[in-house]
Each structure stands twice: as C-alpha cells, then as structure tokens.
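These are my notebook entries on a structure that I looked up. I begin with the terms and then record the entries by topic.

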Amino acid sequence: MRRKIILRSVIPVALIILAAIGFAVFEPIQVLPRIRLAPGYLLINQAAETITSEDVRGDIVVYNFGYSGCGDACASMNDTMREIQGRLDEVDVGDTDVRFVTVSFDSDTDTPPVLAEYAAGLGADPELWSFATGDPVHLQNVVKAGFEAYYEKRDDGTFTFDPVFILVDGWGVIRGEYRYQTSASDSDKIVHHLDILGEEIRNSHGAASLAYEAAHFFLCYP
Amino acid sequence: MSIVGKRVAIGVAVAVIGVLIAWYFVLPRFRPHIFGGAVIQSTQKAPRLELVSADGTVRMTDFEGKVVVVYFGYTFCPDVCPATLNKLAKSLALLGDRAEDVQVMMVSVDPDRDTPELLKDYVTHFHPDFIGVTGDEATVNRVATLYGVVYERAEGSVGTGYTIDHTSTVILVDREGYLKLVLPFEGSAEQIAADIDYFIG
C-alpha cells in the first residue's frame with residue numbers, strides 16, 4: 001500500500017524531469033539567442049530622410065556595413081543581402097516586416113544621391129532596403145562600438161573593414177551575428193534564422209510563449 | 001462506517017488538503033516568471049558609463065550589487081518622462097524594503113539645458129533616491145547609442161522651447177552589472193516591480 005503511494009507520487013515527478021531532459025536534448029523548438037542590445041542610431045538614408053532605430057522598432061532588420069566606393073570587396077556581401085531580399089517569401093514572420101539597412105561608414109562621399117544610385121545599381125527594393133550614413137563620430141559609436149563591426153579609413157580614402165551581418169529583432173535586440181565567411185552560404189543561414197525568429201514571434205502570445213522561453217532557458221540555439 | 005471506509009475518507013481529505021497546499025504554495029515557485037519586456041542573455045557587462053550627477057561622477061560599476069534601472073529623459077519633458085518616473089517611484093513603493101537594492105537613474109538627453117543640479121531637483125521630486133546624470137553632448141550621445149537609445153530635437157511651442165523625441169524604454173541592469181531587460185514604456189508599475197524583484201533574487 002505504502003509502496004504504491006510512493007510510486008504514484010514519484011512517477012509524475014520523474015516524468016516532468018524526463019520531459020525537461022528530453023526538451024534540452026532533442027530541442028523540439030529552436031530559438032535564436034538574445035545576444036545584446038542593438039545600438040540606437042539616427043542616420044540619413046538615400047532619400048535624404050532621417051532613419052532611426054525607433055523607425056524600425058517592431059521590424060526584423062538585417063544590417064550590413066560598407067560604402068559605395070567599396071567595389072569588389074563588397075560584392076559578395078551585397079550579393080548575400082540581395083539574395084535574402086529575394087528569398088523573403090520562404091520565411092513566415094507573420095505580420096512583422098523584414099527590412100534591410102546598409103550603413104555606410106564613408107559619410108564624406110556617400111551623400112543621399114550617391115547612396116540612391118548605389119542602391120539602384122544593387123537592385124535594392126527601396127521599400128525594404130535602406131542605405132544610410134551619418135555623422136562620423138555617431139557612426140563610430142553605432143557601427144564600431146554598438147554593432148561591433150570594425151572599419152578604418154586608409155590613407156588613400158578607401159576603407160579596411162570586416163564583412164559583418166547583424167540580425168536584430170523588433171525589440172532592438174541582436175539575435176544573430178555573422179562575422180566569418182564559412183563554407184555554408186550566409187544567405188542560407190540568415191534565411192533559416194529569419195524563419196526561426198518568425199516562428200518565435202508568431203508564438204509570442206499565450207501558452208506557446210512559455211515553450212519558447214523554455215527553449216531559451218535550455219539554450220536550444222541553432 | 002467501516003474502519004476501511006473511515007481510512008479512505010481521511011485519506012481523500014488529506015490528499016485534497018495536500019493538493020490545495022501544493023496549489024497555493026508550491027506551484028507558484030515552479031511557474032516561470034513572465035517578464036514585461038525582452039530578456040537578454042548578455043555575456044558582456046552593460047556598456048560603460050561615466051556621467052556626472054550633482055553629487056559627483058557616476059559610473060555603472062558604482063552600483064554593482066544593486067539592480068540598476070536606467071531611463072533616458074530630460075527635465076523639460078512634457079509627458080512621457082514624468083509618467084515613467086512616477087511609475088518607477090510606484091514600483092519602488094511596491095517593493096518596500098527590497099527597494100534598497102535598487103538604483104533608479106535618469107540619463108539626460110538634453111545636456112544643454114539639464115545641469116546636474118536641475119536634474120537632481122527634478123528626479124528627487126519623484127523619489128528621494130533617484131539620481132539624474134548628464135555629461136557633454138558627445139558622451140551622452142555615445143552612452144545613449146550603446147544603450148539602444150536615440151534622441152532628436154523637435155520644434156516645441158514658443159513657451160517651452162524645443163522638445164526632444166527619445167526612446168522611452170526602461171532598461172534593467174542586474175546586480176552583477178549585466179544588461180538584462182528592456183521594458184517598453186507601456187509596462188505597468190506592478191510588472192516593473194515584479195521584474196525588478198526577480199533580478200533582486
């Protein structure tokens with residue numbers, strides 16, 4: 001009799017623990033880590049309008065950093081951005097908008113008309129993809145200190161920089177950093193991550209959100 | 001009633017009471033805390049900050065051991081800032097004695113008009129323990145940027161001069177100095193108090 005009672009109380013507890021271990025091991029839900037806060041910024045876009053981090057609050061944004069005079073050094077990075085722009089129908093992010101922002105660190109040369117021409121040449125959809133630059137000191141704070149993307153001006157006016165993509169969610173939290181070119185294509189990885197993020201956003205209300213929080217707790221990261 | 005029947009009845013009663021006790025006292029401890037904003041698993045400490053208050057230099061590291069609530073605003077702010085500071089004062093009241101482990105700090109996004117003294121008068125009007133900090137424009141801009149905050153001057157009325165549009169989030173830094181939570185302006189005092197309480201531990 002007594003053994004039965006003990007057994008009956010132990011089984012549910014054991015089941016809960018098993019479920020937790022199962023969750024951690026099999027990762028039925030994957031989420032992107034909430035890495036750190038993205039910087040706030042106030043820049044000027046290719047249409048000579050201000051664009052701020054508040055304008056894109058609520059949207060998922062893919063950032064990259066370059067400049068119009070960058071030539072071949074930016075070619076593969078720009079291809080990746082354009083490829084993701086063309087593959088948005090593959091991801092389901094619900095009502096959330098996905099946007100692209102290319103920040104130029106060459107504010108001397110990259111005036112709005114120059115950026116507009118550069119954007120058109122790359123096949124950027126102006127509704128989705130902004131090109132922006134701003135005050136050089138503010139750019140340093142935003143790009144170098146905030147997004148942790150390195151760049152430095154060379155004596156001949158060109159820039160040395162690290163190719164970086166940053167994925168930011170609607171809360172203004174960095175969810176993905178793509179810094180090293182690997183054998184897997186960056187666009188495949190970023191499109192896949194947009195899909196994971198979309199799924200989390202679509203399930204961010206009610207009971208399902210708890211499962212996603214659990215996924216964060218158990219570090220179910222791709 | 002037979003002896004067996006009595007035993008069963010007592011057993012059922014004990015079981016029911018046990019379940020009720022578990023329901024009220026044990027379950028809430030296992031229920032995950034639901035935050036009012038976005039939790040961040042930062043592996044880096046909150047961005048460095050060195051600004052001035054009426055009582056001297058203020059660094060983020062001065063408050064290690066306390067939960068720091070950071071808000072960016074300015075004293076001429078017509079609506080959002082007073083509403084937020086009132087809400088934060090109410091959160092501290094809800095926390096009671098535990099509020100000793102909390103430091104609320106307003107960083108001015110209007111260094112031209114907000115002197116440290118003016119800021120002190122302003123924030124202590126909401127709560128005696130609040131501190132207000134500022135710095136030169138370049139420093140404030142850098143700190144705001146790194147805390148995800150952007151601000152911009154806007155035309156105000158003739159009477160008030162310019163106003164400043166600014167990000168109105170409330171940022172929580174945990175006792176070890178990690179930036180952990182970003183709360184939207186809309187959050188209630190109760191929710192903010194519960195989130196602070198979670199990070200006090």
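I treat two strands as paired if DSSP finds at least two bridges between them. Helices (H or I, at least four residues) and strands (E, at least two) are DSSP runs, numbered from the N terminus. I note that the model is predicted: local features need pLDDT of at least 70, side-chain atom pairs count only at pLDDT 80 or more, and totals for chains, interfaces and linings use all residues. Residues are numbered from 1 along each chain as its sequence is written, while chains are lettered from A and ligands numbered from 1 in the order in which they are written.

**Entry 1: strand S5 of chain A**

Strand S4 of chain A (residues 60–66) pairs with S5(A) in the parallel sense over seven bridges. Within this pairing, Tyr63(A) has Val101(A) as its bridge partner in S5(A). From S4(A) the chain passes through helix H2 of chain A (residues 75–86) to S5(A), and this β-α-β crossover is right-handed. I call a crossover right-handed if, with the strands pointing away from the viewer, the path from the first strand over the helix to the second runs clockwise.

S5(A) also pairs with strand S6 of chain A (residues 129–133), in the parallel sense and over four bridges. There, Val103(A) stands opposite Ala132(A). A right-handed β-α-β unit is made by S5(A), helix H3 of chain A (residues 112–122) and S6(A).

A residue is buried if 20 or more other C-beta atoms lie within 10 Å of its own, exposed if 12 or fewer, and partly exposed in between, with C-beta atoms placed from the backbone.

**Entry 2: the sheet of chain B**

I traced an open sheet of six strands in chain B, with mixed pairing and the order S1-S10-S9-S4-S5-S6. S1 (38–39) and S6 (131–133) of chain B stand at the edges with a single partner strand each, so one side of each has no neighbour in the sheet. S4 (residues 67–73) and S5 (residues 102–108) of chain B pair in the parallel sense over seven bridges. In S5(B), Met106(B) stands opposite Tyr71(B).

**Entry 3: contact between the chains**

I found 21 residues of chain B in contact with 23 residues of chain A (C-beta atoms, placed from the backbone, within 7 Å). On the side of chain B that touches chain A, the largest share, six residues, comes from H4(B).

**Entry 4: the largest nonpolar core**

A nonpolar core is a set of buried Ala, Val, Leu, Ile, Met, Phe, Trp, Tyr and Cys residues joined through C-beta atoms within 7 Å. The largest has 103 residues, and those that touch the most other members include Tyr63(A) and Val107(B). S4(B) gives the largest share of this core, six residues. Not counting residues up to four places away in sequence, Val107(B) touches Leu51(B), Val70(B), Phe72(B), Val133(B), Val140(B) and Val143(B).

**Entry 5: two loop residues of chain A**

Ala48(A) lies in the loop between strands S2 (42–45) and S3 (50–52) of chain A. Its phi is near 65°, a positive value in a residue other than glycine. Ala48(A) counts as exposed, with 11 C-beta neighbours inside 10 Å.

Glu148(A) lies in the loop between helix H4 (136–146) and strand S7 (151–153) of chain A. Phi of Glu148(A) is near 55°, also positive in a residue other than glycine. With 16 other C-beta atoms within 10 Å, Glu148(A) is partly exposed.

Conventions
Contact = placed C-beta atoms within 7 Å.
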